Amino acid sequence: MKKLKIGITCYPTVGGSGVIATELGKMLAERGHEIHFITSSVPFRLNKIYPNVFFHEVEVNNYSVFQYPPYDIALASKMADVIKEEHLDILHVHYAIPHAVCAVLARDMSGRDFGIVTTLHGTDISVLGEDSTLAQAIKYGIDRSDAVTAVSEALKQQTYDLIDTNAPIDTIYNFVDEQVFKPGNPGNLKQQFGIEDDEKVIIHVSNFRKIKNLPDIIESFMKIRARMPAKLLLVGDGPEKHRVMEQVKASAYKKDVLFLGKQENITELYTISDLKLLLSEKESFGLVLLEAMACGVPGIGTAIGGIPEVIEHGVNGYIVELGDTQAVADYAVQLLQDEQQHSAFRQAALHAVSEHFHQHKIIKQYEDLYERVVAKK
Ligand code: U5P
């Protein structure tokens, strides 16, 4: 395929969308495309030098005349500058609000007809789509894009339910870097954490927002712990952390819950983990489940959003109804006590990742989409 010049805009902080946008940029660069990140700071995980990756910082001036710093305008201006200077073929923005709208504005400002590709990651639809004042802006961003993708079939459907648009939406699943997320040797990490050999390790990774439903994680773990020796690793940080700590303090097995805070090297933690829990109230995909599966850790997730598209119930994990912590505990105890079944789930998880979410397959889907968009210009 022809090598393209591609601009990428995302929120560069920790979070599934920023991670996916950055990994996508890195892989496209490896395949010879020229990548221009247009973001407010260097994206998290852009931790290696690539000769064909460039970073353009969006600076937002906080003049006292503005009640709110005009990030969107600053971004659109920066996009227009980069498009003119670098002659981009494509601008791939992650999130309709505000990034797709900024891209449309940049097209107007620059006077150039480059392709706009918008990827919907979830928050823009599930949270903002219900806000009628923003719904029309989301529709505008979607309708003016040359191609739109959603990270799951569930998110695509939800978009059509909430936003009055006829624009075609392609589902392109999230992926993981299989060079990074793969089964590894635990060394003596378990001992370092003071975890006994006979204790099973359950892990939860998130940004500790309300939608991640931490109370059910704790409640499920307590039910599991009452029936077998186990530890719970809680990884990440966010607004609900304090409340979760209070809940743990008041629980029977508080010594068996380890708060590890934000971690950069999650893969090491998966080498000692036996089971992943993601019991969210809203989830467009569940990237953390896929990361765990790529490391051979099966998961239990709620029947919410894209989670059932990642976990195949009874094959590489389990799906439970939201709030059913008893079912979580029953499935977990059964799986953790049956080595043969656990090993079969582990293999099935690895197989599912390479079959449906292999990075090269997903990158190819994005490349084909770019090609279609560029051909129409
Ligand atoms: N993440 C970390 N460290 C943390 C918490 C989360 O690297 O302490 C990463 C996850 O590995 C995942 C993303 O790639 O942030 C969260 O995805 P999501 O919860 O937005 O889907």
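Helix 11 (287-294) gives the largest share of the shell around the ligand, three residues. Helices here are DSSP runs of H or I with at least four residues, and strands are runs of E with at least two, both numbered from the N terminus. The model is predicted: local features need pLDDT of at least 70, side-chain atom pairs count only at pLDDT 80 or more, and totals for chains, interfaces and linings use all residues. Residues are numbered from 1 along each chain as its sequence is written.

In total, 15 residues surround the ligand, and the closest are Gly-16, Val-19, Gly-236, Lys-262 and Leu-287. A residue is near a molecule if its C-beta atom, placed from the backbone, lies within 6 Å of it. Helix 1 (16-30), like helix 11, supplies at least two residues of the shell. Domain 1 (5-175 + 358-375) and domain 2 (189-356) both contribute to the shell, so the ligand lies between them; the domain bounds come from an automatic or database domain assignment.

Helix 5 (residues 132-143) has twelve residues. From first C-alpha to last, helix 5 reaches 17 Å, close to the expected 16 Å, which is 1.5 Å times one less than the number of residues. Its buried residues (20 or more other C-beta atoms within 10 Å of their own, C-beta atoms being placed from the backbone) are Ile-138, Gly-141 and Ile-142. Seen down the axis of helix 5, these fall within an arc of 95°, so they line one face; the arc is that of the directions from the helix axis to the C-beta atoms. On the other side, Ser-132, Thr-133 and Gln-136 are exposed, with 12 or fewer such atoms.
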